2 protein chains.
Amino acid sequence: MSILVVGSVAFDTVETPFGRAERVLGGSASFFAVAASFFVPVNLVGVVGTDFGEKELAAFAGRKIDLEGLERTEGLTFLWEGKYSHDLNSRDTIRTDLNVFEFFKPRIPPAYRSSDVVFLGNIDPVLQRDVLEQVNKPRIVACDTMNFWISRKADELRKTLAKVDVLLVNDTEARELSGEWNIVKAARAIRAMGPHTLVIKKGEHGVLMFSDEGSFAAPAFPLEEVFDPTGAGDTFAGGFLGYLAGAVGPPDQELRRAIIMGSTLASFCVEAFSLDRLLTLTRTEIDARFRQFLELTRFSE
Amino acid sequence: MSILVVGSVAFDTVETPFGRAERVLGGSASFFAVAASFFVPVNLVGVVGTDFGEKELAAFAGRKIDLEGLERTEGLTFLWEGKYSHDLNSRDTIRTDLNVFEFFKPRIPPAYRSSDVVFLGNIDPVLQRDVLEQVNKPRIVACDTMNFWISRKADELRKTLAKVDVLLVNDTEARELSGEWNIVKAARAIRAMGPHTLVIKKGEHGVLMFSDEGSFAAPAFPLEEVFDPTGAGDTFAGGFLGYLAGAVGPPDQELRRAIIMGSTLASFCVEAFSLDRLLTLTRTEIDARFRQFLELTRFSE
């Protein structure tokens, strides 16, 4: 069993009320890959520039993350710079230098083509479909997107969604994509576009999942210290899909566990800058917090 | 077993994107009393004017709601008029005529003084303490408040909170009261002021409870049609405390069930204007939705 992720590998410069991190490892595929690698081998497809060195690669070393698909080309690596508000609930993008990512055209190495699960990170929906044409029928095709594609490439996005099993978006994106304010109506409209499973991420308010097995609501873990929210959504996706890729139980139960596993990984991600906390994380810590989620939500008739 | 509620009984004029209701029954004590009466007898203390007639009283008739404490004085009943935004997520107050409620001084009838549970609705914290001086040691003292009292009568509110077991507020109020943005830190600070149980209402994002038994997170029920959110918070409080007043099981389990029961009642409240949906509600419907909450949140290790 293995999972393929296609997305950004980047440098982030992040300022939060608690400090500043300069040119640290970021990008959706980075967070996703490290989170998913706790559960199954990960095949990573992305692009970096010549400024991406051994120090950054060290984050992936010693993990079940294959880097054959991580292209290195002439130029600079994607750089994002952002500053969070005092309450961490909003952020301003100071700078987005796409650099080599601007011309990213995902090439899937032959060894990756039979990955069981494919995660299409937040890239042009045309490229997302292009990835699907390069792989053999995966068991699960999952996909992320954002407002930019929803408004600028609506038709292309629709074509991609028709080929997707699981869509992960936040509540604002779900509303924009469906044109429905009510989240239940939005979910029905989006599921009619293709994805039989829709995961709506609500940040500190948790997650809602709509699937053939019914609806599932999970809270975010109430943390006393949220240090840096960057990458939480991608880490959630990595934990969710990584767990699901390796799951062998009844789908209904495994889907719910996968949501909690994603929430668990995301709750660790925000405890430090970049991937710092994920890189020290152990399976024992993951399982302990998963059980804390059970305690946080349990009640009986 | 019985529960005492002290709060407003009012006329509401409400406009939502779905319609308009003129001078319909509202007020915190009205919503609370009807919700709580599904579980235990309710003793209601409030004040209305001479314009409050048989039509309005009919809402309480045939229920376990005692109205000896509902004072009627010369003048007009409290009138609130509000208009909700297109998405129902914010509302403008068009008009607040306190009328007879401006001089409300709660008098607790002798028959009410040994109520097991006391709910102090959102009134001046000085009056809230005044109520506590008129009752015999209740098993649970619960209390609501709002930004107005938090900023204008901080010292008086602190004195009241020192006598309270359970505080129910929304997330904005919790942050303002504690001076902490982080909700876990806010909860710790507020619990140090007196209430051993803190219930933080987050509207469509559900409820967080912090108590000696740990933390509990519950989602709001994902509804396809939200018609009018007015009274949802008071209905939640009525379902929560009404259930708790009659509960005989282990506190940890009963507190959690009570939160779900409050959420269940609130989910019905918003389906129609005023108390309309609550007045047609049956215990069978309540229990069915409680079980839907179990289905919505269940997962296993």
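The model shown here is predicted.

**View 1. Arg298(B) pairs with Glu295(B) in a salt bridge.** Their N and O atoms lie 3.0 Å apart. Glu295(B) is partly exposed, at 36% relative accessible area. Elsewhere, salt bridges with shared partners link Glu15(A), Arg20(A), Glu22(A), Glu81(A) and Lys83(A) into one network.

**View 2. In chain A, Glu295(A) and Arg298(A) form a salt bridge.** The N to O distance is 3.0 Å. Glu295(A) is partly exposed, with a relative accessible area of 36%. Arg298(A) is partly exposed too, at 31%.

**View 3. Glu285(B) meets Arg277(B) in a salt bridge.** The closest N and O atoms are 3.0 Å apart. Arg277(B) counts as buried because its relative accessibility, 17%, is under 20%. Glu285(B) is partly exposed, at 29%. Over all chains, the count of salt bridges is 49.

**View 4. Helix 8 of chain A packs against helix 9 of chain A.** Helix 8 spans residues 232–245, and helix 9 spans residues 251–269. The angle between them is about 145°, and their axes are 7 Å apart. The crossing is right-handed. Residues of helix 8 in the contact include Phe236(A), Gly239(A), Phe240(A) and Tyr243(A). Among their counterparts in helix 9 are Ala258(A), Gly262(A), Leu265(A) and Cys269(A). By class, the contact has 12 nonpolar, four polar and two charged residues.

Key: Residues are numbered from 1 along each chain as its sequence is written. Chains are lettered from A and ligands numbered from 1 in the order in which they are written. This is a predicted model: local features need pLDDT of at least 70, side-chain atom pairs count only at pLDDT 80 or more; totals for chains, interfaces and linings use all residues. Side-chain values use heavy atoms; hydrogens and water are left out. Axes are lines fitted to C-alpha atoms, for helices over the stretch in contact, and angles run from 0 to 180 degrees between N-to-C directions. Helices (H or I, at least four residues) and strands (E, at least two) are DSSP runs, numbered from the N terminus. A crossing is left-handed if the near helix is turned anticlockwise from the far one by less than a right angle, and right-handed if clockwise. Contact means heavy atoms within 4.5 Å. Ala, Val, Leu, Ile, Met, Phe, Trp, Tyr, Cys and Pro count as nonpolar, Asp, Glu, Lys and Arg as charged, and the others, Gly among them, as polar. A salt bridge is a side-chain nitrogen of Lys or Arg within 4 Å of a carboxyl oxygen of Asp or Glu. Buried means under 20% relative accessible area, exposed over 50%, partly exposed in between (1.4 Å probe, protein chains only).
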